Amino acid sequence: MVKRLSEANNFTARRIALAAQGFADARPGGEVTRRHLRRVLDRVRLIQLDSVNVAVRAHYMPLFSRVGPYPAALVDDAAWVHSGRRPRLLVEYWAHEASLLPVADWPLFRWRMRDYEERLGVRYRSLLKGSPGLLDDVLAAVKDLGPVGAGTLEQELGVEGARARGGWWNRSSVKHACEYLFAVGELTTGTRRGFQRLYDLPERVLPPEVYATHVADEDAIRELTRRAATAHGIATEADLRDYYRIRPPERSRRAVAELVEAGELEPVRVEGWAQPAYRHVGARAPRRVAGRALLSPFDPLIWERARTERIFGFHYRIEIYVPEPKRVFGYYVFPFLLDGELVGRVDLKADRAAGLLRVRGAFAEPGVHTPRVAAELAAELQVMAEWLELDAVVAEERGSLAPALRAVLA
């Protein structure tokens, strides 16, 4: 029998989702440590990477959104800095998109590595047919030099940047070789310099017991679906599938059915949702969710835009690739979460030369009580500016929330 949630069921679903993502927890009052990072990782399971740095790189924001200001070195040390004192917590791979994920999760993606080898192998090897032996040469060079960037490998291998013609392939052969070897699990990121990936062999990056672990495909996909379910709290099958981009859909559907059969997922019907939903048996529904947070466009709470609209009634699209005259809200817009609702959004830019966090547009959602939202948003922007080591917040005039925000900041 399918269980039906209460009449306020979408509000209940929202609180479940927020709690699963860590937004029902109070922010720590003191220093943020690796323990807090681990707790956030236990909730979200992975952190998406993105190269845009107009405000702050995407992988730093999810922790800030949940625990407040922290030293950026906390994430860097967990992912890339070899201090020799503490073990690496995070490793890079294609999870949702390019992502940081717990080191122990790397073997759960061997099925994807094999999929990439089957799907991309012919295309990459055709692309590299003018450079026979290049894949082996890249691996040998990384073994000798790693961690090392693609540019240094080009110089080492004597490649003069021969270019392939057309579209996505307009990059060097060595770069293609590195990307292919990364996708199939023969290379990983040893460290980063700035945001440049420096490649290394996975057996030198991962603990031996992790590198040696092999998980059957069905077991891995079921485990990833289980992790997606804990990160969502409540979700449709499509939501669960999207979290780790599991394809084809039959794999995800089978995993969901197995988790239902095992009693780990409970089928539920959420009023207003077109598709059946599944609640993780460990998910909790707090009576209320308090607090505020600015969310990166790549925060796992909102990265699936249809789910965001279904749960929060919040239509959100990133407009980086939209021509400026056609943008509705701005280039790099952060939704603002307040007491469990998405109540507004701000287009932010860190003007590091001037020492300012610039609010290029501020918008309230329809029906939102503007004065309180403006006050809370101003306070959170000031916290963010201090975290980014900027001196002040300056709001421009664009947007329905801008006048109230400017007044508070003044």
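## A first look at the chain

Glutamate 389 is exposed, with a relative accessible area of 71%. This residue lies in the loop between α15 (370-387) and β14 (392-395), and its phi is positive, about 60 degrees, although it is not a glycine. Keep in mind as you look around that this is a predicted model.

**The whole chain**

Let us step back for a moment. The chain contains 16 helices and 14 strands. A compact globule of 410 residues would have a radius of gyration near 22 Å, and the value for this chain, 23 Å, agrees with that.

How much of the chain is buried? Buried residues make up 54% of the 410 residues. The accessible surface comes to about 18700 Å², and carbon and sulfur atoms account for 50% of it. Among contacts between residues at least 6 apart in sequence, 64% join residues at least 24 apart.

Now find helix α11 (residues 217-232) and helix α13 (residues 249-261), which pack with their axes 9 Å apart at an angle of about 70 degrees. Because of that angle, α11 is roughly perpendicular to α13. On the α11 side, the contact is made by Asp217, Glu218, Ile221, Arg222, Thr225 and Arg226. Their partners on α13 are Arg251, Arg254, Ala255, Val256, Glu258 and Leu259. Sorted by kind, the residues of this contact are four nonpolar, one polar and seven charged.

| Residue | Relative accessibility |
|---|---|
| Asparagine 10 | 18%, buried |
| Leucine 295 | 0%, buried |
| Arginine 112 | 6%, buried |
| Arginine 45 | 13%, buried |

Asparagine 10 belongs to helix α1 (residues 9-20). What does asparagine 10 touch, not counting residues up to four places away in sequence? The answer is Val270, Glu271, Trp273, Arg310 and Ile311.

Leucine 295 sits in the loop between β10 (292-294) and α14 (305-312). Proline 335 is 40 residues from leucine 295 in sequence, yet their C-alpha atoms are 5.4 Å apart in space. Leaving aside neighbours within four places in sequence, leucine 295 is in contact with several residues, among them Phe23, Ser65, Phe334, Pro335 and Leu342.

Arginine 112 is part of helix α5 (residues 110-127). Beyond the residues up to four places away in sequence, arginine 112 touches Tyr93, Trp94, Ala95, Tyr244, Arg245 and Ile246. Leucine 41 is 71 residues from arginine 112 along the chain, and 22 Å separates their C-alpha atoms.

**A few backbone details**

Most residues other than glycine have a negative phi, and most peptide bonds are trans. Arginine 45, in the loop between α2 (34-44) and β2 (47-48), has a positive phi near 75 degrees.

Which peptide bonds are cis? One runs from glycine 146 to proline 147, with omega near 0 degrees. Proline 147 is in the loop between α6 (134-145) and α7 (150-157). Another cis bond joins arginine 247 and proline 248, where omega is about -5 degrees. You will find proline 248 in the loop between α12 (237-243) and α13.

Methods. Residues numbered from 1 in each chain as written. Predicted model: local features only at pLDDT ≥ 70, side-chain atom pairs only at ≥ 80, totals over all residues. Heavy atoms only, no water. Axes fitted to C-alpha atoms, helices over the stretch in contact; angles between N-to-C directions. Helix = DSSP H or I, 4+ residues; strand = E, 2+ residues; numbered from the N terminus. Parallel < 35°, antiparallel > 145°, perpendicular 65-115°, else oblique. Contact = heavy atoms within 4.5 Å. Nonpolar A, V, L, I, M, F, W, Y, C, P; charged D, E, K, R; others polar. Rg over C-alpha atoms; globule rule 2.2 N^0.38 Å. Buried < 20%, exposed > 50% of the residue type's maximum accessible area, 1.4 Å probe, protein only. Areas by Shrake-Rupley, 256 points an atom, 1.4 Å probe, with all protein chains shown as cover.
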